[in-house]
Amino acid sequence: MSQFDQINSDAERLISQSQYEQALAATEQCIAQGGISARTLINRAVALANLGDPQQAIADLHEALRLNPTDDQSKRIDQLIDQLTDHAAQVVKDAPQQDGQTGTRSIGGDGETGSRDLASTLVSGLMSSGMGGGYNQSQQGSKLGMLMKLFGSIV
């Protein structure tokens, strides 16, 4: 087992124990030592998503796709896409509207309302394009692009 495989195994063990800060540190160590791989980026994305940094997690998943992940790694990407989609839907649902209520709005408006409408539209698009994994690499890239726009509009 290579040094990078060992670090990734350690990161995966830490993730399974919900020790996301330590897992993030392990993946950062691996990357700093030149061990950038789809596996490392996926592990870092899991840690980042669970630490509340979905935008960087999405960026890491985009880069992992560029590195031609294995089938198992692709399944982990699918799971993260679904997890991030669920999180985004909840954030949009819980975000207060200008009248203090929560929930979705119809499209239209500008400023904060326009941003909220964009978020609602993107969540609808993500949900209507299917959940549950089994996406091909092109679908993964499209969903990650929508998620990046979504998190950019609600941050």
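How many helices and strands are there in the protein? There are seven helices and zero strands, and this is a predicted model.

**View 1. The whole chain, from one end to the other.** Start at the N terminus and the elements run α-α-α-α-α-α-α. The protein has 155 residues, and buried ones make up 39% of them.

**View 2. Helix 2 against helix 3.** Here we look at residues 20-32, which form helix 2, and residues 38-50, which form helix 3. The two pack at an angle of about 150°, and their axes are 9 Å apart. The crossing of helix 2 past helix 3 is left-handed. On the helix 2 side, the residues taking part are Tyr20, Ala23, Leu24, Thr27, Glu28, Cys30 and Ile31. They meet Thr40, Leu41, Asn43, Arg44, Ala47, Leu48 and Asn50 from helix 3. Sort the residues of this contact by type and you get eight nonpolar, four polar and two charged.

**View 3. The largest nonpolar core.** In soluble globular proteins, nonpolar side chains tend to be buried together. In this model, the largest nonpolar core has 29 residues. Look for Leu61, Ile77, Leu84, Leu144 and Leu147, the ones with the most contacts inside this core. Which helices each supply at least two residues of the core? They are helix 1 (3-16), helix 2, helix 3, helix 4 (54-66), helix 5 and helix 7 (137-154). Helix 3 gives the largest share, with eight residues.

Zoom in on Leu61 and you'll find it touching Ile42, Ala45, Ile77, Leu80, Leu84 and Leu144, leaving out residues up to four places away in sequence.

**View 4. Along helix 5.** This helix covers residues 71-94, which is 24 residues. At 1.5 Å a residue it should span 34 Å, and its end C-alpha atoms are 35 Å apart, so the two values agree. Which residues of helix 5 are buried? Walking along the helix, they are Gln73, Ser74, Ile77, Asp78, Leu80, Ile81, Asp82, Leu84, Thr85, Ala88, Ala89 and Val92.

View 5. Asp60 belongs to helix 4. Is Asp60 buried or exposed? Its relative accessible area is 3%, so Asp60 counts as buried. Setting aside neighbours within four places in sequence, Asp60 is in contact with Leu41, Arg44, Ala45 and Leu48.

**View 6. Gln140 and its surroundings.** Now go to helix 7, where Gln140 sits. Gln140 is buried because its relative accessibility is 1%. Beyond residues up to four places away in sequence, it touches Leu65, Ser74, Ile77, Asp78, Ile81 and Tyr135. Two of these names, Ser74 and Ile77, are also among the buried residues of helix 5.

**View 7. Gln29 and Gln33.** Gln29 is part of helix 2, while Gln33 is in the loop between helix 2 and helix 3. With a relative accessible area of 38%, Gln29 is partly exposed. Gln33 counts as partly exposed too, at 37% relative accessibility. Gln29 and Asn8 are 21 residues apart along the chain, and 10.0 Å separates their C-alpha atoms. For Gln33 and Phe4, the sequence gap is 29 residues and the C-alpha to C-alpha distance is 8.6 Å. Leaving out residues up to four places away in sequence, Gln33 touches Gln3, Phe4 and Ile7.

**View 8. Two loop residues with positive phi.** Most residues other than glycine have a negative phi. Ser18 isn't a glycine, yet its phi is positive, near 60°. You'll find Ser18 in the loop between helix 1 and helix 2, where it counts as partly exposed at 48% relative accessibility. Asn68 isn't a glycine either, and its phi is about 50°, again a positive value. Asn68 is in the loop between helix 4 and helix 5. Is Asn68 buried or exposed? At 58% relative accessibility, Asn68 counts as exposed.

Conventions. Residues numbered from 1 in each chain as written. Predicted model: local features only at pLDDT ≥ 70, side-chain atom pairs only at ≥ 80, totals over all residues. Heavy atoms only, no water. Axes fitted to C-alpha atoms, helices over the stretch in contact; angles between N-to-C directions. Helix = DSSP H or I, 4+ residues; strand = E, 2+ residues; numbered from the N terminus. Left-handed = near helix turned anticlockwise from the far one by under 90°. Contact = heavy atoms within 4.5 Å. Nonpolar A, V, L, I, M, F, W, Y, C, P; charged D, E, K, R; others polar. Expected span 1.5 Å × (residues − 1). Buried < 20%, exposed > 50% of the residue type's maximum accessible area, 1.4 Å probe, protein only. Core = buried A, V, L, I, M, F, W, Y, C linked by side-chain atoms within 4.5 Å.
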